[in-house]
Amino acid sequence: MPAIVGVAQVISVGSSSIFNIGDVYKMMPVTSAKTFSGAGSFNTGDEVNVNNHLSSTNTYDSDNIDQGIWLNA
């Protein structure tokens with residue numbers, strides 16, 4: 001189904017990134033990462049004001065097993 005896209009603001013694109021607007025069947029490259037982030041992380045916008053007085057991020061992984069990417073290619 002066709003996509004109608006309005007305004008898009010791209011601040012930066014990394015060297016191994018993909019930027020797509022619209023329909024897509026398959027996107028490559030495939031990668032995986034484990035990301036830990038605390039309160040106030042991943043905020044985007046032109047004017048962001050975040051006040052975190054007390055924040056703690058739990059990074060303990062009891063099973064040490066994560067989803068693989070071998071079936072995504």
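**Figure 1. A nonpolar surface patch in a predicted model.** Val5, Val10, Val13, Phe19 and Ile21 form this nonpolar patch on the surface. Accessible areas come from the Shrake-Rupley method with a 1.4 Å probe; for residues, only the protein chains shown count as cover. Patch members have over 30% relative accessible area and no salt bridge; nonpolar side chains (Val, Leu, Ile, Met, Phe, Trp, Tyr) are joined within 5 Å, like charges within 9 Å. Val5 has a relative accessible area of 45% and is partly exposed. Buried means under 20% relative accessible area, exposed over 50%, and partly exposed in between (1.4 Å probe, protein chains only). The model is predicted: local features need pLDDT of at least 70, side-chain atom pairs count only at pLDDT 80 or more, and totals for chains, interfaces and linings use all residues. Residues are numbered from 1 along each chain as its sequence is written, and side-chain values use heavy atoms, with hydrogens and water left out.

**Figure 2. The salt bridge of Asp61 and Lys34.** The structure holds one salt bridge. In it, the side chains of Asp61 and Lys34 meet at 2.8 Å, N to O. The term requires a side-chain nitrogen of Lys or Arg within 4 Å of a carboxyl oxygen of Asp or Glu. Side chains of opposite charge can pair when their charged atoms come close. Asp61 is partly exposed, at 22% relative accessibility. Lys34 is also partly exposed, at 44%.

**Figure 3. Asp66 and its contacts.** Neighbours within four places in sequence aside, Asp66 is in contact with Lys34 and Asp61. Contact means heavy atoms within 4.5 Å. Asp66 is partly exposed, with 46% relative accessibility. Gly45 lies 21 residues from Asp66 along the chain. Their C-alpha atoms are separated by 31 Å.

**Figure 4. The backbone at Phe42.** Phi of Phe42 is near 60°. This is a positive value in a residue other than glycine. Phe42 counts as exposed, at 63% relative accessibility.

**Figure 5. The chain as a setting for the close-ups.** The protein has zero helices and zero strands. Helices (H or I, at least four residues) and strands (E, at least two) are DSSP runs, numbered from the N terminus. Buried residues make up 0% of the 73 residues. The C-alpha trace spans about 45 × 40 × 25 Å along its principal axes. Among contacts between residues at least 6 apart in sequence, 24% join residues at least 24 apart. The accessible surface comes to about 7200 Å², and 50% of it belongs to carbon and sulfur atoms.
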